[in-house]
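The questions below go through one protein model, starting from a single residue and widening to the whole chain.

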Amino acid sequence: MIDHRKRMKVRVLSVYGAIVLVTLLWDILAAKSGIPVVAASHEDALEAIKLLKDWSSWLAGIETGAIAAVGALIKDGRPAKHKWLLTACLTAFGLSLLAAAWLLATLPRLTLRLKAGTGTENDIIGRVMPFYLLPPYLTVPVRVGLMVVYEHVFFIVGIVLFCWLLLGWQKQASGEGGT
């Protein structure tokens with residue numbers, strides 16, 4: 001049984017690693033080939049930033065609620081049979097929350113860098129902003145659109161794993177109740 005759990009952990013970590021690798025490679029290749037840049041007006045860019053803020057806030061709220069639900073169900077005495085699935089679900093939500101936190105923290109700086117009038121400088125998804133690993137010394141340039149992709153992909157993975165976890169717990173509970 002332990003060998004099975006280790007294999008599942010490796011698979012889950014491999015899937016997460018593949019998601020990150022594919023999106024990073026896509027971003028690097030797209031930057032070399034030239035991402036189409038959108039010319040946006042100052043007002044349109046501000047509206048896009050507001051919509052991105054609202055959307056990221058809603059996703060973060062849903063994820064926080066799902067994490068709280070998982071915590072309540074575990075405290076309620078749900079079996080630890082699905083521990084790897086639980087770990088994978090919480091990891092996906094955590095990574096998505098991390099991306100949402102970065103996005104929400106970046107939006108004010110992004111708003112301040114908008115130019116008056118219409119121009120390609122106001123393309124917020126194509127904009128490269130610093131990801132502070134150790135401020136102010138170690139920063140990594142990250143495209144805003146890449147973090148939006150991370151937030152959404154890990155949110156979807158987390159929701160799918162959350163549903164799978166709930167179905168597994170329900171199946172196990174109905175199996176125990178019927179005997």
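Q: Which residues does Val70 touch, not counting those up to four places away in sequence?
A: The model is predicted, so local features need pLDDT of at least 70, side-chain atom pairs count only at pLDDT 80 or more, and totals for chains, interfaces and linings use all residues. Residues are numbered from 1 along each chain as its sequence is written, and side-chain values use heavy atoms, with hydrogens and water left out. Val70 lies in helix H2; contact means heavy atoms within 4.5 Å. On that basis Val70 touches Leu86, Leu90, Phe162, Leu165 and Trp169.

Q: Is Val70 buried or exposed?
A: Buried means under 20% relative accessible area, exposed over 50%, and partly exposed in between (1.4 Å probe, protein chains only). Val70 has 2% relative accessibility, so Val70 counts as buried.

Q: Which residues of H2 are buried?
A: H2 covers residues 42-75, with 34 residues. Helices are DSSP runs of H or I with at least four residues, strands are E runs of at least two, and both are numbered from the N terminus. The buried residues of H2 are Ala45, Ile49, Leu52, Ser56, Leu59, Ala60, Glu63, Ala66, Val70 and Leu73.

Q: What distance does H2 reach from its first C-alpha to its last?
A: The expected span of a helix is 1.5 Å times one less than its number of residues. For H2 the expected value is 50 Å, and the span in the model is close to it, at 49 Å.

Q: Which residues is Val144 in contact with, leaving aside its neighbours within four places in sequence?
A: Val144 is among the residues with the most contacts inside the largest core. The contacts of Val144 beyond those neighbours are Leu52, Trp102, Leu103, Leu110, Ile124, Ile125, Arg127 and Met129.

Q: Why is the pair of Tyr150 and Phe154 tilted?
A: Rings of Phe, Tyr and Trp (its six-membered ring) pair if their centres lie within 6.5 Å; planes under 30 degrees apart count as stacked, over 60 as edge-to-face and the rest as tilted. Both residues, Tyr150 and Phe154, are buried, and being four residues apart in helix H4 they are separated by about one helical turn. Their ring centres are 6.1 Å apart, and the pair is tilted because the planes are at 35°.

Q: How many helices and strands does the protein have?
A: From the N terminus on, the elements run α-β-α-α-β-β-β-α. The count is four helices and four strands.

Q: Which element has the lowest mean pLDDT?
A: pLDDT is the predictor's confidence in each residue, from 0 to 100. The mean for the protein is 78, with 72% of its residues at 70 or more. Among the elements, H2 has the highest mean (89), and the lowest (64) belongs to helix H1 (residues 2-33).

Technical notes: A nonpolar core is a set of buried Ala, Val, Leu, Ile, Met, Phe, Trp, Tyr and Cys residues joined through side-chain atoms within 4.5 Å.
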